Amino acid sequence: MVVRNVTLKLILDTCARAKRLPEALALYERAVHDGFKPDVLTVNSVIRYCVAVQQPAKAFAAYTSAKERGMPPPNLMTLTTLSQSCSAASTAAQSAEERELWMRRSLELYTDGQALLADRSRLSYTRSAGRGH
């Protein structure tokens with residue numbers, strides 16, 4: 001079965017609106033298992049949905065998988081939401097090792113968010129400098 005990003009994102013969003021996030025995430029995982037390559041918009045949605053059903057490990061896995069494939073980073077709101085989810089997971093951690101893992105993940109997301117902001121700032125400066133401002 002060939003799945004396109006726009007089709008899968010529409011199905012995921014429909015499941016989310018129907019409060020059926022577990023089914024949406026299971027569908028996404030099956031599509032990825034079958035070779036589907038999600039785009040950044042689909043990854044943004046999957047991360048938000050995983051966080052919504054309190055599955056930060058799956059959310060972080062979607063993030064790192066996209067990052068490893070060289071995809072652009074998720075939007076800043078998604079990065080912030082995932083970082084907050086990782087921070088909450090560190091607070092709820094049962095062991096020092098687990099707490100440290102979640103804090104490292106949160107710090108990685110914070111660093112990536114800062115890099116995204118810096119890139120946008122440079123882009124904004126380049127645009128305004130090109131107009132003679």
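On a 1 Å grid over the protein atoms alone, a pocket is an open set of points where a 1.4 Å probe fits, with protein on both sides within 12 Å along at least five of seven lines. Its volume is the space filled by probe spheres set on the points, which are joined across faces, edges and corners. The model examined here is predicted: local features need pLDDT of at least 70, side-chain atom pairs count only at pLDDT 80 or more, and totals for chains, interfaces and linings use all residues. Residues are numbered from 1 along each chain as its sequence is written, and side-chain values use heavy atoms, with hydrogens and water left out.

The chain holds six helices and zero strands (DSSP runs of H or I, at least four residues, and of E, at least two). Its elements follow the order α-α-α-α-α-α from the N terminus. Of the 133 residues, 36% are buried (under 20% relative accessible area, 1.4 Å probe, protein chains only). Contacts (heavy atoms within 4.5 Å) were taken between residues at least 6 apart in sequence; 65% of them join residues at least 24 apart.

The largest pocket has a volume of about 190 Å³. Its lining (residues with an atom within 4 Å of a point) numbers 14 residues, and Tyr28, Glu29, Val32, Ala61 and Ala62 are the closest to the centre. Helices H2 (21–33), H3 (40–52) and H4 (56–68) each supply at least two lining residues. H4 gives the most, with five.

Notes
Buried < 20%, exposed > 50% of the residue type's maximum accessible area, 1.4 Å probe, protein only.
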